[in-house]
Amino acid sequence: MIEAYVGEYVAYLRIERGASARTVEAYERDLRDYQAFLSERGIARADEVTREVLRDFEEHVIARGYAPASVKRRMSVVKGLHRYLVREGYAADNPASSLALPKVPGRLPDVLSIADVGRVIDACCDPAPAGVRDRALLEVLYGCGLRVSEACGLDVGSVYLDEGFVRVVGKGAKERIAPLSGCAAENLGCYLAEARPALSMKATSPRAADLPAVFLNARGGRLSRQGVHRIVERAGAAVGIAGLHPHTLRHSFATHMLEGGADLRVIQEILGHSDISTTQIYTHIDRTHLQEEYRAAHPRARG
């Protein structure tokens, strides 16, 4: 019976909650692992699961060498399943209701300095269509604070250059508006007017030629997540920053906005965070920045 419930819960996440395909795939993988654990212990019914069984599963995951963040994610997924079972009437009690999730050591995201962001973007100086695209992509990732998936999924009809914003489809298929101005708007406008048509002409099929995607690959198709990663990593390597990740540009956007005086709620809205606590991590980065500036500038800060 647990197996049937897992399948139904996964369908619920995909259809009713609008979770992305990647999220659903990860959740289903975690739940199938949980299901196999229960099966090995002869547990087939939801009402046979106790808090002790859940603790055993957590220890089982830890013993397999998973990182604290992965353990927390798996237990969170399991808690979600049991909440669903009670809500739908498949179980009378939720054994996970009082189960505390394991704590994950806090880790501040990597952030570039404003100067380094400029150096990375300036590394994309090739006047060829692909080079113009790369620069526009970096400007938009940093200028709008987009996730990789959001940049890949951006369509031409969602770009409003004159109005100064882009319409972004984020996690859970939620739409939001991200401001678009300055260097990001200038470079994106140049790319759309000159470089994108050149890339579109290289499409290998009529269907590809009609793609609404903003960022195209060398064959005229929609630029993939892997393609974005390669472009960002290559630009970073060109200025001596090894392994640069696209999300670092998003983190840098948020940090520099906060340092510039932007309200945390505004940053939350632009980033598309559903919970302000997710955005608050940038206040820790900002404090670190202030402390560094203080130590560097105050004559008696170094003792």
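**Ser 252**

I started with the side chain of Ser 252: one of its polar atoms lies 2.7 Å from the backbone oxygen of Thr 248. I count a polar contact as a pair of N or O atoms within 3.5 Å; within protein, one must be able to donate a hydrogen and the other to accept it, and residues adjacent in sequence count only if both atoms are side-chain atoms. The model is predicted, so I kept to its limits: local features need pLDDT of at least 70, side-chain atom pairs count only at pLDDT 80 or more, and totals for chains, interfaces and linings use all residues. Residues are numbered from 1 along each chain as its sequence is written, and side-chain values use heavy atoms, with hydrogens and water left out.

Ser 252 sits in helix α11 (residues 246–259). Helices here are DSSP runs of H or I, at least four residues, and strands are runs of E, at least two, numbered from the N terminus. Is Ser 252 buried or exposed? Ser 252 is buried, at 0% relative accessible area. My cut-offs are under 20% for buried and over 50% for exposed, with partly exposed in between (1.4 Å probe, protein chains only). Leaving out neighbours within four places in sequence, I found Ser 252 in contact with Val 111, Leu 112, Val 117 and Tyr 142; contact means heavy atoms within 4.5 Å.

**Helix α12**

Next I looked up α12, residues 264–271, where the buried residues are Leu 264, Ile 267, Gln 268, Ile 270 and Leu 271. They lie on the same side of α12 because they cover an arc of only 165° around the axis, taken from the directions from the helix axis to the C-beta atoms. Turned away from that buried side is a face with the exposed residues Arg 265 and Glu 269.

At the N-terminal end, Asp 263 is the cap, with a side-chain oxygen 2.8 Å from the backbone nitrogen of Arg 265. After α12 comes Gly 272, with a positive phi near 80°.

**Salt bridges**

How many salt bridges are there? I get 17, taking a side-chain nitrogen of Lys or Arg within 4 Å of a carboxyl oxygen of Asp or Glu. I noted these:

- Arg 32 pairs with Glu 28, with the closest N and O atoms 3.7 Å apart. The two are four residues apart in helix α2 (residues 21–40), about one turn of the helix. Arg 32 is partly exposed at 30%, and Glu 28 is partly exposed at 29%.
- Arg 55 meets Glu 58 at 2.8 Å, N to O. They are three residues apart in helix α3 (residues 51–63), about one helical turn. Arg 55 is partly exposed at 27%, whereas Glu 58 is buried at 9%.
- Asp 134 and Arg 133 also meet at 2.8 Å, N to O. Asp 134 is buried at 8%, and Arg 133 is buried at 7%.
- Asp 30, Asp 33, Arg 64, Arg 73 and Arg 74 are linked in a salt-bridge network.

A handy reminder for the helical pairs: an α-helix has 3.6 residues a turn, so residues three or four places apart point the same way.

**Cysteines**

Last, I looked for disulfides, meaning cysteine sulfur atoms within 2.5 Å of each other, and the count is zero. For Cys 124, the nearest cysteine sulfur is that of Cys 125, 7.8 Å away; Cys 124 is buried at 11%. Cys 190 is partly exposed at 31%.
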